[in-house]
Amino acid sequence: MGVNILSTVVSYILLFLCVLIFPKVQNYSACIYIFSIQIVFTTLRSIVFKILSIVMLFVFVRRPGDYLNYAGITVFSAVGSNVLNYLHAKKFCTIRFTFNIDCQEHLKPILIIFASSVATTIYLSLDTTLLGLINNNYVVGIYSVSTKMYNIVKQLIAAILTVTIPRFALLWGRHRYREYRKLLLQISDALALISISVAVGVYMLAPQIVILLSSTKYIRAVSSLRLLCPALIFSIFSWIFTSCVLIPAKRENKVLIITVQSAVVNLALNLLLMPSLKENAAAITTSLSEAISMFLGMYYSRDIIKGLYKSGFWKEIFTYILGEISIVIICFAGDVLFDSTVMVILFDVVLSIVEYALILIGLKNKFALDVLERVLLRFY
């Protein structure tokens, strides 16, 4: 608790200094201060508040001048659940401030994770910054439309993973490796099902999503949004290997290496491709960087995950891919049957979910059958 409070104070001091030192930043000081509220609240985020924030984004963020609304809603999605987390945590442990900190035990891994977080923040923001420097604000605006939807979907999927991270740390810390590996396989299976289907769905519905979030003036953002779709899958599995494997195993230094290497590739490719490909270059480099992060995470976790992803897991992946074919067909049908953007989205999403579930059950997919069994037990 003491380390968190001290690091928060330092973070705010550095933030205020940056606002004072850099004149260009001062123009956005109100927005920065709103976003900075998140520094105080850095624990778990819940799916409920993410969904509420999405609804609020559609309602209150419609014009370029609504950027302060966007900042406030983003903070709400993090802060709301964190307040509840704090109240809930008091039932299980005593939370108090202390200066009695074992620096040797805690400071090194904290600094490594902090450095990884800084590097991640820099390289995830790098594409937008470079777009503004190399191209212009219009291109940045087009890419922002793509990343808005990408980030919303990514955070929703990640929320499922986030709530399991303490469980992974607990199982590993208590040397319950069989349970740990079983949970890791279950989470990998579930997130593969969700991330692959969502990536395909967003790819197919990209024109409707862009029009719904912005307008037809931003239809150019469709290509960059589609190029970001592979990153949805890569980023989720990258988080699995870093947050659920490497960090519980106290390999924070490997996480830092992965982040730095991904950032270097991201920077180099952006500088090379952005002058010609513009916002599409930013999307391509994001997907490639996330892929590199995922494969490096697999490499550094290889001794822990050895033998985990056997033929049964890849058989399940194959059933997911077959299920995606139905989503593609349904989305093509939606474009033919409806002119309304909202109707196309509703038709595609509802029918795709039903058809996808039926296909997985028909192919006797283990995860789908487990979910069906739980639903039936709940109602009967």
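1. A word on terms before anything else: a residue is called buried under 20% relative accessible area, exposed over 50%, and partly exposed in between, using a 1.4 Å probe and protein chains only.

2. Some housekeeping. Keep in mind that this is a predicted model, where local features need pLDDT of at least 70 and side-chain atom pairs count only at pLDDT 80 or more, while totals for chains, interfaces and linings use all residues. Residues are numbered from 1 along each chain as its sequence is written, and side-chain values use heavy atoms, with hydrogens and water left out.

3. The overall picture. The protein has 18 helices and zero strands; helices (H or I, at least four residues) and strands (E, at least two) are DSSP runs, numbered from the N terminus. Of its 380 residues, 39% count as buried. The accessible surface is about 21200 Å², with 70% of that belonging to carbon and sulfur atoms; these areas come from the Shrake-Rupley method with a 1.4 Å probe, and for residues only the protein chains shown count as cover. As for contacts (heavy atoms within 4.5 Å), take those with a separation of 6 or more: 77% of them are between residues 24 or more positions apart.

4. Now the salt bridges, meaning a side-chain nitrogen of Lys or Arg within 4 Å of a carboxyl oxygen of Asp or Glu. How many does the structure hold? There are four. One of them pairs glutamate 179 with arginine 176, with the closest N and O atoms 2.9 Å apart. Arginine 176 is partly exposed, because its relative accessibility is 27%.

5. Glutamate 279 and arginine 220 make another salt bridge, the closest N and O atoms being 2.8 Å apart. This pair links distant parts of the chain: glutamate 279 sits in helix H14 and arginine 220 in the loop between H11 and H12, 59 residues apart. Is glutamate 279 buried or exposed? With a relative accessibility of 3%, glutamate 279 counts as buried, whereas arginine 220, at 34%, is partly exposed.

6. Then there is arginine 251 with aspartate 303, where the closest N and O atoms are 2.7 Å apart. Arginine 251 is in the loop between H12 and helix H13 (252-277), and aspartate 303 is in helix H15 (residues 302-305), so the bridge ties together parts that are 52 residues apart in sequence. Both ends are partly exposed: arginine 251 has a relative accessible area of 21% and aspartate 303 comes in at 49%. Elsewhere, salt bridges with shared partners join Arg167, Arg176 and Glu179 into one network.

7. Have a look at the nonpolar surface patch as well. Patches are made of residues with over 30% relative accessible area and no salt bridge, with like charges joined within 9 Å and nonpolar side chains (Val, Leu, Ile, Met, Phe, Trp, Tyr) within 5 Å. This one consists of Val55, Phe58, Val59, Phe60, Leu212, Val342, Met343 and Leu346, together giving about 670 Å² of accessible area. Helices H5 (47-60) and H17 (341-362) each supply at least two of its residues, and H5 has the largest share, with four. Valine 55 is in H5 and is partly exposed, at 46% relative accessibility.

8. On to the second largest pocket, whose volume is about 1000 Å³. By the grid method (1 Å spacing, protein atoms alone), a pocket is an open set of points where a 1.4 Å probe fits, with protein on both sides within 12 Å along at least five of seven lines, and lining residues have an atom within 4 Å of a point. Points are joined across faces, edges and corners, and the volume is the space filled by probe spheres set on them. Which residues lie nearest the centre of this pocket? They are Ser197, Val198, Gly201, Val349 and Ile353, out of 31 lining residues. The elements giving two or more residues to the lining include H5, helix H10 (177-204) and H17. H17 contributes the largest share, nine residues.

9. Last, two individual residues. Serine 243, in helix H12 (residues 221-246), counts as buried at 19% relative accessibility. Leaving aside residues up to four places away in sequence, serine 243 touches Ile165 and Pro248. Tyrosine 299, in helix H14 (residues 279-300), is partly exposed at 47%.
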